[in-house]
Amino acid sequence: MPKIDVAIIGASGYTGLELIKILINHPHFTIRYIATSEGGVSASELHPSLACVFEQDVQKADAKEVAKHATLAFLALPHKAAMGFAKELLDLHVKVVDLSADYRLELEAYEKHYCEHEDKEHLSEAVYGLPEIHKARIQNARLIANPGCYPTASILGILPFLPYLNKEAPIFIDAKSGVSGAGKKLTPTAHFVAINENMFAYNPLKHRHEPEIAEKLRQISAHAFEVNFIPHLLPLTRGMLVSSYLQTDETIDAKAVLRAYYADATFVRVRETPVEIKATAGTNFCDIFVTQKGKSLFVSSAIDNLLRGASSQAVVNANLMCGLDETAGIPMIAYVP
Ligand SMILES: NC(=O)c1ccc[n+]([C@@H]2O[C@H](COP(=O)([O-])OP(=O)(O)OC[C@H]3O[C@@H](n4cnc5c(N)ncnc54)[C@H](OP(=O)(O)O)[C@@H]3O)[C@@H](O)[C@H]2O)c1
C-alpha cells in the first residue's frame with residue numbers, strides 16, 4: 001500500500017513536536033512538509049531532541065505548497081491562525097485535522113468565547129473528532145475539529161452516564177493539567193517559580209473549554225445540562241486528571257454501566273482503582289474509574305493532554321479519515337517509571 005503524504009503546520013510547538021514523533025514511525029503516513037510561521041531551519045534546530053533522527057527542512061507555512069506535497073494536513077496552530085489555513089487547504093482539496101478550537105463549537109458559541117469566525121463556510125461540515133462518539137462521521141470527513149484536552153477527558157468520563165443523570169442537577173468538573181497544556185508561549189503562571197511546588201485554579205467557571213463540554217453533552221443527550229468547570233494547573237510537564245461529580249435519577253450500578261459502555265473501545269481503559277496521570281502519559285489511552293454513594297457518582301479520568309488531548313487523537317482521526325486501522329502508529333506504552 002503506497003504511503004500517504006502528510007503535512008504539519010505549527011511544527012515548532014508542543015503538539016507539533018508530538019505529531020512529528022508519532023508520524024516519523026507511522027506505518028502508512030510520510031511527513032512530506034513541515035512548517036512554522038517563518039521556516040528556514042531544520043526540524044532538529046527547532047527541536048534538539050530530533051537531532052540525527054529527523055532533519056527535514058522547515059518551510060514558511062504556505063497552503064499552496066502544502067497542497068503540492070500532501071493530501072492531509074495537521075494544523076497545530078493557535079485558534080484564528082488555524083482557520084485561515086484550513087479554509088485555503090480545503091479549497092485546494094487537502095484534508096485537514098485542526099488541533100485548535102476553530103471548528104469545535106457552533107458559530108454563536110465560538111464567536112462569544114473566541115473571536116469572529118472567518119470560515120463559516122466550512123464550519124458546518126467539520127466533524128468533532130472524538131472517535132468514541134463520531135467514528136463513522138470521522139471516516140467520511142474532510143475537516144476534523146480535534147477536541148480540546150479538558151473536553152476529551154471530561155466528555156469520555158461523563159458520556160456513559162448521560163442517560164441516567166438527574167436533569168435538574170448541575171454537573172461539576174474539577175480538572176487538573178500539566179503546564180504543557182498552555183503551549184510553549186511563556187505566561188506568568190507558567191514560570192518555574194510560579195508553578196513549581198504549587199497548584200491553583202485558573203479561570204474557574206469561565207474557561208473556554210466549559211462551553212465546549214456543555215455543547216457536546218447537549219448535542220449527545222438533547223438536554224442542556226448545567227456544566228460547572230474548574231481547571232487547575234499542576235507542577236507537571238504533561239498529564240491531565242479530571243474529577244466529575246454527577247447525580248443520577250435512580251441508583252444505578254455505575255461500574256457495570258461504565259464497563260458495558262466501553263467494552264469495545266480501543267483507547268478507553270476502565271480501571272478498578274482511581275486513575276493516575278502517569279499510566280496514560282505517552283499514550284492515547286483515556287483511563288476512567290467510577291465509584292458511587294447511592295445516586296452520587298465520582299468519575300475520574302486521566303489522559304496525556306498532548307497525546308489523547310491533542311496529537312495522538314489527531315492521528316487516530318487521520319487514520320480513520322484515510323480508511324486505516326485506528327491504531328496504526330498510535331502510542332500505547334506509558335512513560336513509566
Ligand atoms: N498543548 C496542549 O496540551 C493542547 C491540547 C489540545 C489542543 N491544543 C491546541 O493545539 C494548538 C497548538 O497548541 P500547542 O500547545 O502546540 O501550541 P504552541 O506550543 O504555542 O505552538 C503553536 C505553534 O504555532 C505556530 N504558529 C503560530 N502562528 C502561526 C502561523 N500563522 N503560521 C505558522 N505557524 C504558526 C507557532 O510557531 P512559530 O511561532 O515558531 O511559527 C507555535 O510553535 C492550539 O490551538 C492549542 O489550543 C493544545
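**Salt bridges, sheets and ligand contacts**

Arginine 32 and aspartate 5 form a salt bridge through their side chains, with an N to O distance of 3.1 Å. Because arginine 32 belongs to strand β2 (residues 29-36) and aspartate 5 to strand β1 (residues 4-9), the pair ties together parts that are 27 residues apart in sequence. Arginine 32 is partly exposed, at 45% relative accessibility, and aspartate 5 is also partly exposed, with a relative accessible area of 25%. The structure is a predicted model, and the count of salt bridges in the model comes to 18.

The two strands that carry this pair are themselves partners: β1 and β2 pair in the parallel sense over six bridges. Within this pairing, aspartate 5 has threonine 30 of β2 as its bridge partner. Strands β1 and β2 are part of an open sheet of eight strands, in which the order is β3-β4-β2-β1-β5-β6-β8-β7 and the pairing is mixed. The edges are formed by β3 (41-42) and β7 (127-128); each has a single partner strand, so one side of each is left without a neighbour in the sheet.

A further salt bridge joins arginine 104 to glutamate 212, with the closest N and O atoms 3.1 Å apart. Arginine 104 is placed in the loop between β6 (95-98) and α5 (107-113), and glutamate 212 in helix α10 (residues 209-221), so this pair ties together parts that are 108 residues apart in sequence. Arginine 104 is buried, with a relative accessible area of 7%. Glutamate 212 is likewise buried, at 1% relative accessibility. With the cut-off for burial set at under 20% relative accessible area, arginine 104 at 7% and glutamate 212 at 1% both count as buried.

In the salt bridge between arginine 271 and aspartate 287, the N to O distance is 2.9 Å. This pair links distant parts of the chain, 16 residues apart, with arginine 271 in the loop between β13 (268-270) and β14 (286-293) and aspartate 287 in strand β14. Arginine 271 is partly exposed, with a relative accessible area of 32%, whereas aspartate 287 is buried, at 2% relative accessibility. Salt bridges also link Glu18, Lys21, Arg238 and Asp304 in a network.

Strand β9 (171-177) is joined to strand β12 (residues 240-247) by six bridges, and the two run antiparallel. Lysine 176 has leucine 241 as its bridge partner in β12. Strand β12 also pairs with strand β15 (residues 296-303), in the antiparallel sense and over eight bridges. In this second pairing, leucine 246 stands opposite leucine 297 of β15.

The loop between β9 (171-177) and α9 (192-195) contains glycine 181. Glycine 181 is partly exposed, at 40% relative accessibility. Between glycine 181 and lysine 80, the C-alpha to C-alpha distance is 18 Å, at a separation of 101 residues in sequence.

The ligand has 25 residues around it, of which Ser12, Thr15, Ser37, Leu77 and Lys184 come nearest. A backbone N or O atom of tyrosine 14 is 3.1 Å from an oxygen atom of the ligand. For lysine 184, a polar backbone atom lies 2.9 Å from an oxygen atom of the ligand. In asparagine 305, an N or O atom of the side chain is 2.9 Å from an oxygen atom of the ligand. On its own, the ligand has 890 Å² of accessible area, and the protein covers 78% of this area.

Helix α4 (residues 81-91) has Ala82, Met83, Ala86, Leu89 and Leu90 as its buried residues. These residues fall within an arc of 130° when seen down the axis of α4, so they line one face of the helix.

Technical notes
Residues are numbered from 1 along each chain as its sequence is written. This is a predicted model: local features need pLDDT of at least 70, side-chain atom pairs count only at pLDDT 80 or more; totals for chains, interfaces and linings use all residues. Side-chain values use heavy atoms; hydrogens and water are left out. A salt bridge is a side-chain nitrogen of Lys or Arg within 4 Å of a carboxyl oxygen of Asp or Glu. Helices (H or I, at least four residues) and strands (E, at least two) are DSSP runs, numbered from the N terminus. Buried means under 20% relative accessible area, exposed over 50%, partly exposed in between (1.4 Å probe, protein chains only). Two strands pair if DSSP finds at least two bridges between them. A residue is near a molecule or strand if one of its heavy atoms lies within 4 Å of it. A polar contact is a pair of N or O atoms within 3.5 Å; within protein, one must be able to donate a hydrogen and the other to accept it, and residues adjacent in sequence count only if both atoms are side-chain atoms. Accessible areas come from the Shrake-Rupley method with a 1.4 Å probe; for residues, only the protein chains shown count as cover. The arc is that of the directions from the helix axis to the C-beta atoms.
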